[in-house]
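Subject: Structure handover and findings

Hello,

Please find the structure below. My notes on it follow, with the cut-offs given where each term comes up.

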Amino acid sequence: MRFLKSVYYKVLKFKNRLLVGRPVLVLMYHRINDVVDLPAAHLTVSVADFEKQLQYFTTNYQILGLRDNWTNLKKTGVVLTFDDGYADNYTKALPLLEKYNIPATFFIATENIDTEEGFWWDRLNQDYIQCDDTFFLPGSIDKVSKNNNLLRSLSIELTKLKQDEKREWLEEWEKKNGISYLPRPEYRSMTVAEVTAVEEHPLLTVGLHTHNHYPLGQLSYDDQKEELELSIQKLKELGVKKIDYLALPHGSYNTETIRLCEEFNFSGVLLANNYYSNIGNKHKKKINRILMPSLSGKKISEYLKKYD
Ligand SMILES: [Zn+2]
């Protein structure tokens, strides 16, 4: 079965290559940092690994931006994108992007700009690490045992809550377990000055990632519209001139999301589905993306070759 599946994908890839040209690997990064919580390690790439990856891309791929023309490629294309708007994208990733002259798009969730606040998922992980082996959940009198499946399901449940409900839940959890939460500078979002500098930088483009980072596929048309309008307004206030791509928080969307993207006249939405893209995706305005983990050496090509 597995063999048949792999043959099927190879044929599909070959057909795609003949009909629509070479693949473009649109890579998705979040944090570039050496400070990392183990439960969220897949969302952080170390500074050293990031530089190794940039070197690998420079030698092996044709480096592109989202707005570039993806036709007549001489090599497999690669596009770099960063989600959420972490300050380290500016302080740690940018100096390396400059060193290798590599363009990138920063998709910034606007809620935490210019605050010390961490994102709720980073706060969840930070609190979880501080919990004892058994701990209390909000609204429960019995203790539960630490395990990664539990953490994952807590994260899924929290994703469904509104921002103040999340905060209440986390505060209650911290209180019940005697945890003190202090936002960490390594997890902060960009400041206004940093967002402005990103907008003005010739290698960088600012993209939309909503205001509250809610999964759009779980919201009504009106709520999705409000999320998009609010974040567009915030970015415009910070001087961002052209907002033409939306990276979907949690990769979540529904038919209303696609309708809204047409109404806002976006050039494309970026998914989080671990699949390669090509010029066909640009025409359909739905761009597949591949989560890039912290890897270096041979592991980079081993990881990417299944998409190439
Ligand atoms: Zn995100």
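Buried means under 20% relative accessible area, exposed means over 50%, and partly exposed lies in between, with a 1.4 Å probe and protein chains only. This is a predicted model, so local features need pLDDT of at least 70 and side-chain atom pairs count only at pLDDT 80 or more, while totals for chains, interfaces and linings use all residues. Residues are numbered from 1 along each chain as its sequence is written, and side-chain values use heavy atoms, with hydrogens and water left out.

Zinc site

The zinc ion has three protein donors, 2.1 Å from it: Asp84 (OD), His209 (NE2) and His213 (NE2). Donors here are N, O and S atoms within 2.8 Å of the metal (3.2 Å for Na, K and Ca); water is not among the atoms, so sites may look incomplete. Along the sequence, the spacing of the donor residues is D-x124-H-x3-H. Aspartate 84 sits in strand S5 (residues 77–84) and histidine 213 in the loop between strand S9 (204–208) and helix H8 (221–237), so that distant parts of the chain, 129 residues apart, are linked by this pair. Helices (H or I, at least four residues) and strands (E, at least two) are DSSP runs, numbered from the N terminus. Aspartate 84 is buried at a relative accessible area of 3%, and histidine 213 is buried at 7%.

For a distance check, take valine 26, which is found in strand S1 (residues 24–29). Valine 26 is buried, with a relative accessible area of 0%.

Salt bridges

A salt bridge is counted when a side-chain nitrogen of Lys or Arg is within 4 Å of a carboxyl oxygen of Asp or Glu. By this rule there are twelve salt bridges. One of them joins arginine 184 to aspartate 37, with 2.7 Å between the closest N and O atoms. Arginine 184 is in the loop between H6 and helix H7 (192–200), and aspartate 37 is in the loop between strand S2 (31–32) and strand S3 (44–45), so the pair ties together parts 147 residues apart in sequence. Arginine 184 is buried at 18% relative accessible area, and aspartate 37 is buried at 7%.

In another salt bridge, arginine 259 meets glutamate 256 at 3.0 Å, N to O. These two residues are three apart in helix H9 (residues 255–263), which means that about one helical turn separates them. Arginine 259 counts as partly exposed at 43% relative accessibility, and glutamate 256 is partly exposed with a relative accessible area of 26%.

Glutamate 157 counts as partly exposed, at 46% relative accessibility.

Pocket and cavities

Both were found on a 1 Å grid over the protein atoms alone: a cavity is a set of points where a 1.4 Å probe fits but cannot get out, and a pocket is an open set with protein on both sides within 12 Å along at least five of seven lines. Lining residues have an atom within 4 Å of a point. Grid points are joined across faces, edges and corners, and a volume is the space filled by probe spheres set on the points.

The largest pocket has a volume of about 930 Å³. It is lined by 33 residues, of which His42, Leu43, Trp121, Ser155 and His250 are the closest to its centre. S5, H4 and helix H5 (148–159) are the elements that give two or more residues to this lining. H5 supplies the largest share, six residues.

The search of the whole structure finds three cavities of 30 Å³ or more. The largest cavity holds about 150 Å³ of space. Its lining has 14 residues, and the closest to the centre are Gly118, Phe119, Trp120, Gln163 and Arg167. Two or more lining residues come from each of helix H4 (120–130) and helix H6 (163–176), and H6 gives the most, with four.

Regards
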